[in-house]
Structure formats: structure tokens, C-alpha cells
Amino acid sequence: MADKPFRVLPRVTSENEHFWRGGEAGELRFLRCSTCDYLVHPPAPVCPRDLSRELAPHAVSGRATVATYTINHQPWYPGLDPPYVVAIVEIEEQPDVRLMTNVVNCEVEKVHVGMPVQVKFEQHDDVWIPLFEPAA
Ligand SMILES: [Zn+2]
């Protein structure tokens, strides 16, 4: 596989910059409600629990669990060579925060539901894409 495969990059805005650029500091960041501690993702201006607008970026541990996954065998993008794993992971601090990601640095046959993983960032220009690898 190429060192840095082609990626479709997100549009970084003031609302999601903490998420896409947290990897520069090695941090997986989500908006957190300052009154109830709920993590709000995708970013929104209001906490869905208590309607507070006091949301600020907060770094989590980067640990997560594979909730579901699929093994892709189609060469959709140059440099992103199949087979590779597309997964939905639940972050440790709040399992209803789920990320669509790739599980990397692991044989595809070894990925399983419930697998502990940890974040690993892949930088493209000024975007740090959160990928996950088996937890140490
Ligand atoms: Zn709240």
C-alpha cells in the first residue's frame, strides 16, 4: 500500500476544525457540553441533551471499539489498495459517538466486532484523518 493513499478530504470549517486538525497535536477531539459533559458529534451548535450552547473542544483518549466493519475488495481509489477495512468504531468515553474510519496496521482477517483499537492520524495537507489500529 502507498505510504499515504489518496483521500477525499473534508471541508474544514470553524465548526469542525477541532476534529480535523486535532491530530496535529495527536489528539482526537470532540465538542463537549460544559454543563453535562455530553460529547456532541458531528459538531452542532447546541447540546442535544440539555440544549446548552456552552460547547468546547475536548480531547478524548483515542481508544475505541470496532462496532461493525466491512472488508473492501474494490480498488475505488488509486493508492488505497484493497483489501482494506472500513469500520464504524465507538469511542471509549461515549459509545454513541461513532466514527466511520479504516482499521489499519492489522491483517484484515483479524479485525472483529468488539476489537479494541486506538487512533492513529494520517496527515493530508492541513487535515489529520483519524484512522484506528489495534490497541497496544
Ligand atoms: Zn449538555
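## The largest nonpolar core

In this predicted model, the largest nonpolar core holds 27 residues, and those that touch the most other members are Leu28, Phe30, Val89, Ile91, Leu99, Val117 and Phe132. Two or more residues come to this core from each of helix H1 (17–21), S1, S4, S5, strand S6 (94–103), S7 and strand S8 (127–134), and S8 gives the most, with five residues.

## The three-stranded sheet

Three strands form an open sheet in the order S2-S1-S3, and their pairing is antiparallel. Strand S2 (39–40) and strand S3 (55–60) stand at the edges with a single partner strand each, so one side of each is left without a neighbour in the sheet.

Strand S1 (residues 28–33) is joined to S3 by six bridges in the antiparallel sense, and within this pairing Leu31 has Pro57 in S3 as its bridge partner.

## Strand S4 and its partners

Strand S4 covers residues 63–72 and pairs with strand S5 (residues 84–91) in the antiparallel sense over eight bridges, where Ile71 has Val85 of S5 as its bridge partner. Strand S4 is also joined to strand S7 (residues 116–124), again antiparallel, by three bridges, and here Ala64 is partnered with Val117 of S7.

Asn72 belongs to S4, and its relative accessible area of 12% is under the 20% limit, which means that Asn72 counts as buried. The side chain of Asn72 reaches the backbone oxygen of Gln74 at 2.7 Å, while its contacts, leaving aside neighbours within four places in sequence, are with Pro82, Pro83 and Tyr84.

## Cysteines

For the cysteines, the count of disulfides in the model comes to zero. Cys47 is buried, because its relative accessibility of 0% lies under 20%, whereas Cys36, with a relative accessible area of 25%, is partly exposed.

Note on methods. Residues are numbered from 1 along each chain as its sequence is written. This is a predicted model: local features need pLDDT of at least 70, side-chain atom pairs count only at pLDDT 80 or more; totals for chains, interfaces and linings use all residues. Side-chain values use heavy atoms; hydrogens and water are left out. Helices (H or I, at least four residues) and strands (E, at least two) are DSSP runs, numbered from the N terminus. Buried means under 20% relative accessible area, exposed over 50%, partly exposed in between (1.4 Å probe, protein chains only). A polar contact is a pair of N or O atoms within 3.5 Å; within protein, one must be able to donate a hydrogen and the other to accept it, and residues adjacent in sequence count only if both atoms are side-chain atoms. Contact means heavy atoms within 4.5 Å. A disulfide is a pair of cysteine sulfur atoms within 2.5 Å. Two strands pair if DSSP finds at least two bridges between them. A nonpolar core is a set of buried Ala, Val, Leu, Ile, Met, Phe, Trp, Tyr and Cys residues joined through side-chain atoms within 4.5 Å.
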